Amino acid sequence: MKAVREMEENLSLVDAVVYVIDSRAIKSSANPEFDKLIKNKPVLYIFNKSDLVEKNNLTAWINKFKAEGKEAISLVGTSLNPEVVTSALKKACANKLNKFANKGAKVSIRVMVIGVPNTGKSTIINSIIGKAKAVTGNRPGVTRRQVWYSISGVDFLDTPGTLWGKFQDNNIALHLAYIGSIRGEVLDKQELVKEFLKEIKDEYMPLLTARYKVQEIGDDMDLALENIAKARGWIVKGGEVDLERTANAILDDFRNGKIGKIMLEKA
Ligand SMILES: Nc1nc2c(ncn2[C@@H]2O[C@H](COP(=O)(O)OP(=O)(O)OP(=O)(O)O)[C@@H](O)[C@H]2O)c(=O)[nH]1
Ligand SMILES: [Mg+2]
């Protein structure tokens, strides 16, 4: 894939990798193709969109990564303290910085920011540099090519989000679709939302009730979608339920955190 090839080419230019992960799907937003490429670089994992998950669930993931010897921090990309990221990066690149400091020279750290589409890579860079320079948007494939952004002491290479050829299992594909990392056009929205409701209903029913005014969701997902459409009044002319609108609304709500804090994959 072109984007992965470009990443590979530019890896030799950077001192470290910032691996941006969606906190709602930490397992599924790890691209196995990246893992092979970056194995010789210091990596800082950022669990982004931490505002969309329960804090204790995220702490469990951070502890798990730390236990595996990985550096991980959690962030809200839209309102972060740049210092948190730059100090973690300086720690990861201490070797290089010390070497140059010993020679009395000042040097910048260069990092490549990677991740599957829509995890918030460009948003994080904008927040760090303090300007909305990189284009962002809540859909996959917003960043089209690699671009450098600099602040004093650190250069960031923004990259287009990349997926890999074959998902190990269907759950990964589903989770990436729920969080908006896979293009919508390739998926049947209603089927996707039925899978989504089936997956979260036991753990998160109170959130669904609060948002969609349905008291319970049984095993019949067609009926569930229909009941939500009725409860919310999503009806087309003639009184038929508008299932497509219902599916779109639920997906948008999840992607924007409107249903509440939901983590799809626990540590
Ligand atoms: N709730 C929430 N939304 C976020 C956060 N960080 C980024 N976003 C939103 O997530 C969406 C995607 O952000 P981008 O920065 O464009 O993501 P990207 O990883 O650069 O995406 P590609 O360039 O398509 O790979 C935008 O709507 C951001 O506003 C966060 O911490 N919390
Ligand atoms: Mg981007």
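Biologist: In which hand does α8 pass α10?
Modeller: This is a predicted model, in which local features need pLDDT of at least 70 and side-chain atom pairs count only at pLDDT 80 or more, while totals for chains, interfaces and linings use all residues. Residues are numbered from 1 along each chain as its sequence is written, with chains lettered from A and ligands numbered from 1 in the order in which they are written. Helices are DSSP runs (H or I, at least four residues) numbered from the N terminus, and a crossing is left-handed if the near helix is turned anticlockwise from the far one by less than a right angle, right-handed if clockwise. By that convention, the crossing in which α8 passes α10 is left-handed.

Biologist: At roughly what angle do the axes of α8 and α10 cross?
Modeller: Axes are lines fitted to C-alpha atoms over the stretch in contact, and angles run from 0 to 180 degrees between N-to-C directions. The axes of α8 and α10 come within 10 Å, and their crossing angle is roughly 60°. That makes the pair oblique, a class left over once angles under 35 degrees (roughly parallel), over 145 (roughly antiparallel) and 65 to 115 (roughly perpendicular) are set aside. The value is roughly 60°.

Biologist: How many charged residues does the contact of α8 with α10 have?
Modeller: Residues are in contact if their C-beta atoms, placed from the backbone, lie within 7 Å, and here Phe196 and Arg211 are among those of α8 that meet α10 residues including Glu244 and Asp253. The contact has eight nonpolar and two polar residues, where Ala, Val, Leu, Ile, Met, Phe, Trp, Tyr, Cys and Pro count as nonpolar, Asp, Glu, Lys and Arg as charged, and the others as polar. The number of charged residues is four.

Biologist: How far apart are the axes of α8 and α9?
Modeller: Helix α8 (residues 189–212) and helix α9 (residues 221–232) pack at an angle of about 55°. That makes α8 oblique to α9, and the contact includes Val193 and Leu197 of α8 with Leu225 and Ile228 of α9. The distance between the axes is 10 Å.

Biologist: At roughly what angle do α9 and α10 cross?
Modeller: The axes of α9 and helix α10 (residues 243–255) come within 9 Å, crossing at roughly 90°. That makes α9 roughly perpendicular to α10, with Leu225, Ile228 and Ala229 of α9 in contact with Leu243, Thr246 and Ala247 of α10. The angle asked for is roughly 90°.

Biologist: Which helix gives the most to the shell around ligand 1?
Modeller: The shell holds 25 residues, each with its C-beta atom, placed from the backbone, within 6 Å of the ligand. By class, six are nonpolar, 16 polar and three charged. The helix that gives the most, with three residues, is α6.

Conventions: Helices (H or I, at least four residues) and strands (E, at least two) are DSSP runs, numbered from the N terminus. Two residues are in contact if their C-beta atoms, placed from the backbone, lie within 7 Å.
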